[in-house]
Amino acid sequence: MDNKELIMSKVELLKSIASPVRMCIIKKLYEHENCNVTFFTNCMDVSQSSISQHLGKLRDLGIVGYEKEAQNVNYFIKNKEIIKIIEVLFEENENE
């Protein structure tokens with residue numbers, strides 16, 4: 001991968017989480033590791049169906065993964081770069 005391709009891939013990664021709802025979802029997954037859709041409904045006061053759509057997009061982009069347990073689906077952060085980004089973005093708030 002040349003420098004231009006690398007930069008474009010990083011831009012796409014950042015764009016994929018540049019939504020208040022997606023950022024909230026990722027932050028909660030970082031804090032709680034495994035969560036189901038219902039857990040996120042207080043993220044930015046959006047509906048469960050909206051959360052499901054955002055999780056689907058994050059899943060399609062390879063940012064989150066999921067595990068099925070009977071009828072429950074639990075999500076987790078799959079992309080290690082996203083974990084680093086969340087740590088940097090929110091570390092100041094944790095130290096307050």
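The model is predicted, so local features need pLDDT of at least 70 and side-chain atom pairs count only at pLDDT 80 or more, while totals for chains, interfaces and linings use all residues. Residues are numbered from 1 along each chain as its sequence is written, and side-chain values use heavy atoms, with hydrogens and water left out.

A search of the whole structure gives two aromatic pairs; rings of Phe, Tyr and Trp (its six-membered ring) pair if their centres lie within 6.5 Å, with planes under 30 degrees apart counted as stacked, over 60 as edge-to-face and the rest as tilted. The ring centres of phenylalanine 39 and phenylalanine 40 are 5.7 Å apart and the planes are at 85°, so this pair is edge-to-face. Phenylalanine 40 is buried, at 0% relative accessibility, whereas phenylalanine 39 is partly exposed at 33% (buried means under 20% relative accessible area, exposed over 50%, partly exposed in between, with a 1.4 Å probe and protein chains only). Tyrosine 66 and tyrosine 75 have ring centres 6.1 Å apart and planes at 45°, which means that the pair is tilted. Here tyrosine 75 is buried at 7%, and tyrosine 66 is partly exposed at 41%.

Turning to serine 47, this residue belongs to the loop between helix H2 (20–32) and helix H3 (48–60); helices (H or I, at least four residues) and strands (E, at least two) are DSSP runs, numbered from the N terminus. Serine 47 is partly exposed, with a relative accessibility of 39%. From isoleucine 7, serine 47 is 40 residues away in sequence and 34 Å away in space, C-alpha to C-alpha.
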